[in-house]
Amino acid sequence: MMEIPIFIVAGFLDAGKTTFIIDALEKDGFEKKGRTLVILCEEGELELSDEFAHLHNTTIKRLQQQDQFTAEYLQELAVTYCPDRVIIELNCMWNINELYFPAEYRMAQVITFIDFSTFSVYYNNMRQKFIDLIKLSDLVVFNRCDDSTALASYQTNLKLVNGNAQYMIMDENGVAQKAFEEPLPYDIDADIIEIADDDFGRWYIDTYDNPERYRGKKVAFNCMVVQSKKLPKNTFVAGRHAMTCCADDVQLYGHLCKVLPGMKLKNKAWVRVVARLEFEYSEEYQEEEGVLYPESIENIPPLAHPILDLR
Amino acid sequence: MSIKVDIISGFLGAGKTTLIKKLFETGFHNEKVVLIENEFGEIGIDGSFLKESGVNIKEINSGCICCSLVGDFSASMSEVISTYQPERIIIEPSGVGKLSDIVKAVEKLDLDLQLNIVATVVDGGKCKVYMKNFGEFFNNQVSDAHIIVMSKVERLANEKVVEAYELIKEKNPNCNVILTDLNAVDPQKLLEALERTISYQDKVEEEFKHGCCCHHHDGEEHDHECCHHHDGEEHDHECCHHHDGEDHDHECCHHHDEEEHNHKCCHHHDEEEHDHECCHHHDGEHHHHDADEVFVSVGYETPMAYSQKELTKILETLKEEENYGVVLRAKGILKASDQAKWHYFDYVAGDYSIREGEADFVGRIVVIGSQLKKENIETLVLKK
């Protein structure tokens, strides 16, 4: 049996979810490529009409409560409608981590829409909701963003939450803007790139986004030594703990660093590292990973703000 | 004295901060006030503003629904009280929390507190979609409020306001709803409306039972004069208070708006005008008991707008005893569909007058009489 691809369209009320679904049904010519089932879990300002759906070979199902959204129900729908794809408009207050799909379905894409005009207030007060969505998203679209520099301050946090997602920024008229254009806070052309303590997250993200900028270059930064038996021999993680949501949400971010021969390091010690950054294929992650080849590692007193607060 | 606690809840962007700022403009009768915020607002309440108002501010920075408020909250309250010794604490809880949780948290504290205002600000334009989609926390904010401030009504067609109003009343039939443009509202009036403890209906009822004050028997009977100067402590039941700002528009005895003599009851000075007086029994005390036993009153609030013509027709129709019972007194203020000012009407035993007055927060109607046919009255006055 063919797996049915699922597209989840998430985001707060009024963020542009329904508009996107209408566009997709209209412009992507879905009706020629089979039947679409749309499950609406929210009733926003803009309604998808049954007439419109009918014209586009689409069936609409509406759900009011998250507890109606069960694997059994979806299975039943699969049997009843034999859809070629399912688009789910998720209710913004539902917990995306508690959606369960039967085996017949395959997650094709999760798209989160965010209305930039209300973003800062919503994000500051409901950070967990956003983070839950962004974590699982393949694509995050910021709508109604006429000032993408205002968004730049969130970029490190968003990328740390989900570095694999694609971020798209649309202005008031739905025209795509260049994402995240904030200049780097350090001199990329220096002989040794000096990373200030507060810029650690920004640098870390950029090494993933633009590895070519850093390949073979020397960097200097303060970090914590994190040792683990799970790491390759003679390496530790030169990293920082960062908080993207709240105190319950602190995670370690850092690159693998080779040890200096003859130097004893203590786990959780604070050090200043000057090292050459290379990118090497990792069997475990099946992609290139940053690896630091240190020139010097120096013990330093603990930082005044040990945890990067990226909220 | 216990410390007053005001809770101003509401979803993000509803206008909580705007409302709180407005309230600060009143100066709160010079009380010492502390504001506790559990939200990162859109409009920061800035330092200079606070300094001017002499307000202290305390933020509880959880700001995220994954962190629970309660532990923090109790400690913050105690700290606030010992540090500032306030007479009033205003709490702006997180817009995505349940109001009942905050109320419970306040009630549980072993401190000398008195819940004063428990209000929720609801954006009139968003009420419907929020109710449908947000589920529990939003509906809880609506159902557990003592008073709901529907904001942004100035942007909405009246049908939309009525629709939102009805949705609110469905979830919380007993709450007062005030409809307002928060940017234009008179702060003092707003505070009085939020703190209102006596309903319009009770007021009109009291006025009726005590025998409306107002009439003067041509000089020879000074003792029954309407507009008592006496007993400051009883001003709630008097109909002729000068000082009760809350209801000053529909009181019967204003001394100060001379341009509207015709339906006003209590002028001392124009003795030639008996005929329009509202209060025909001079001896309120005696009627009091009778009134309690025989008369009933019904009260309504409505966001609907009425034209002068409609209102006249309603008041005319109200005379039909066989359909409505014996209506002795009716009084109300209603939003006008044909003018900016509101309609203020008085109905006394078949006679009525309508005048125009200041806009208020919500339309109110009280009907008093005997053997009232409540269903019919409701159908009539609420244009059902």
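How many helices and strands does chain A have? Nine helices and 15 strands. Keep in mind that everything shown here comes from a predicted model.

**View 1. Chain A as a whole.**
Start with the C-alpha trace of chain A, which spans about 70 × 45 × 35 Å along its principal axes. The chain has 311 residues, and 34% of them count as buried. If you take the contacts in chain A between residues at least 6 apart in sequence, 72% of them join residues at least 24 apart.

**View 2. Where the two domains of chain A meet.**
Chain A splits into domain 1, covering 4–177, and domain 2, covering 192–309. Their C-alpha centres sit 35 Å apart. Nine residues from domain 1 of chain A and eight residues from domain 2 of chain A make up the contact. On the domain 1 side, the elements that put in two or more residues are helix H5 (127–136) and helix H7 (155–161) of chain A. H7(A) gives the most to that side, with five residues. Sorted by class, the domain 1 side that touches domain 2 of chain A comes out as three nonpolar, four polar and two charged residues.

**View 3. The largest nonpolar core.**
This one has 132 residues, and B:Ala119, B:Ile148 and B:Met150 are the ones with the most contacts inside it. Over in chain A, strand E1 (residues 4–11) gives the most to this core, with six residues. Now zoom in on B:Ile148: what is it in contact with, leaving aside its neighbours within four places in sequence? The partners are B:Ala119, B:Thr120, B:Val122, B:Val142, B:Ile168, B:Cys175 and B:Val177.

**View 4. A second core.**
There's also a separate core of 27 residues, with B:Val327, B:Trp342, B:Tyr344 and B:Val366 among them.

**View 5. Helices H5 and H6 of chain B.**
Two packed helices are described by the angle between their axes and the distance between the axes. Here, the axes of helix H5 (residues 127–134) and helix H6 (residues 136–143) of chain B come within 7 Å and cross at roughly 125 degrees. On the H5(B) side, look for B:Tyr130, B:Met131 and B:Phe134. Facing them from H6(B) are B:Phe137, B:Phe138 and B:Asn139. By class, that contact has five nonpolar residues, one polar and no charged ones.

Methods
Residues are numbered from 1 along each chain as its sequence is written. Chains are lettered from A and ligands numbered from 1 in the order in which they are written. This is a predicted model: local features need pLDDT of at least 70, side-chain atom pairs count only at pLDDT 80 or more; totals for chains, interfaces and linings use all residues. A nonpolar core is a set of buried Ala, Val, Leu, Ile, Met, Phe, Trp, Tyr and Cys residues joined through C-beta atoms within 7 Å. A residue is buried if 20 or more other C-beta atoms lie within 10 Å of its own, exposed if 12 or fewer, and partly exposed in between; C-beta atoms are placed from the backbone. Helices (H or I, at least four residues) and strands (E, at least two) are DSSP runs, numbered from the N terminus. Two residues are in contact if their C-beta atoms, placed from the backbone, lie within 7 Å. Axes are lines fitted to C-alpha atoms, for helices over the stretch in contact, and angles run from 0 to 180 degrees between N-to-C directions. Ala, Val, Leu, Ile, Met, Phe, Trp, Tyr, Cys and Pro count as nonpolar, Asp, Glu, Lys and Arg as charged, and the others, Gly among them, as polar. Domain bounds come from an automatic or database domain assignment.
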